[in-house]
Amino acid sequence: MAYEHRPNDPRAILAVLLWLGSTFILVCIIGLCILPTPLRTPSIVLLTVLTVTPVPKDESGMAIGWKLGEWIMTHAAHYFGISLKISTPFPTDTSNILTLEPHDILPYPLFVFSPCLTFSNISQPKKIFGLMTTIVFRLPFVKHIYTFCRAGDVSKKNFIKHLQQKNNIVFIPGGVQEVLLLEKGSKDIILYLKKRKGFIKLALLNGSNIIPVFSFGVDGSYDYWLPKNWLTTKISRYIGFTPMIFFGRFGIPLFIPHPKKISVVTGTPILIPKFEGTDEELRGKVEEVHGKWIEGMVKVFEENKKSYGYGDRKVVIL
């Protein structure tokens, strides 16, 4: 299924503006700078209130929020003309970990799996959650919007909770490290996966399947300036995102991305029964499954790259 590509629809543009927290932060900074002095204090107070206001925990308290999330996701999907191809149906007897790559500047294709969208061939649609860096759930307004779109933080505690509840989760294993590896003009798509083994151990201990997923079209969504040095790397790893300047549509910094069409494709699920054995056996099993997963990520890219205009490109695994 695919959403019609309508990048100039005012509703689609507004939806993406609401959805991407960087735009909200930019508006706040500019607003506080240009507001008359008498209005600055109440504005700061309002932002503070939004920061400390908790997100509702129960479904009854989330009803209105979920309606807003559905509106945002549906119209944002039209901005990108999002399509989703499920190569093999998801297993339904346990939780599934969907590993989506690449990260690029902002990993917004993660939301293609939101139950707010009407991709009817996804199993257990109300039990799919996107997990992302914890920092976004500490920002005013942004934390509410992402929660309304069925997302949560990617902390180990939250990760394990969803697996134990047999929920499906989608996250970007390459993370912020892939942003630091971006090279302008390069046709190589660098995926930082060789050291990403922690989630595989959790999958084995919980009997959760792993599904390789690739998103075509996300690279090139932004122009950017990225200082590459040891300090940037250290700060990025500490705060969970890369301090950089990126330029979106119309060349505006921290704005919505260029309206490229996004196509997401899932690979063959790696079926994982719950592991029972010694620690040494577990380490060996992690290595085995990690190798299969890397092969699966490369395979889903290679089998689909020509269909989405990536025929002359290759994936590099670091």
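This is a predicted model: local features need pLDDT of at least 70, side-chain atom pairs count only at pLDDT 80 or more; totals for chains, interfaces and linings use all residues.
Residues are numbered from 1 along each chain as its sequence is written, and side-chain values use heavy atoms, with hydrogens and water left out.

Phenylalanine 250 lies in the loop between strand S9 (245-247) and S10, where strands (E, at least two residues) and helices (H or I, at least four) are DSSP runs numbered from the N terminus. Although it is not a glycine, phenylalanine 250 has a positive phi of about 65 degrees. Most residues other than glycine have a negative phi, and most peptide bonds are trans. Aspartate 104, also not a glycine, has a positive phi of about 55 degrees, but this residue, in the loop between S2 and S3, counts as buried at 9% relative accessibility. The loop between S2 and S3 also holds proline 102, and the peptide bond that leads from glutamate 101 to proline 102 is cis, with omega near -5 degrees.

The open sheet consists of seven strands in the order S1-S10-S7-S2-S5-S3-S4, with mixed pairing; two strands pair if DSSP finds at least two bridges between them. Its edge strands, each pairing on one side only, are S1 (83-86) and S4 (151-153). Strand S3 (residues 128-132) pairs with S4 in the parallel sense over three bridges, and alanine 151 in S4 is the bridge partner of glycine 130.

Asparagine 158, in helix H6 (residues 156-164), is buried, with a relative accessible area of 11%. Leaving aside neighbours within four places in sequence, asparagine 158 is in contact (heavy atoms within 4.5 Å) with Leu131, Gly152 and Asp153.

The axes of H6 and helix H8 (residues 198-206) come within 10 Å and cross at roughly 30 degrees, axes being lines fitted to C-alpha atoms, for helices over the stretch in contact, with angles from 0 to 180 degrees between N-to-C directions. That angle makes H6 roughly parallel to H8, because angles under 35 degrees count as roughly parallel, over 145 as roughly antiparallel, 65 to 115 as roughly perpendicular and the rest as oblique. In this pair, Lys156, Phe159, Ile160, Leu163 and Gln164 of H6 meet Phe199, Leu202 and Asn206 of H8.

Methods: Buried means under 20% relative accessible area, exposed over 50%, partly exposed in between (1.4 Å probe, protein chains only).
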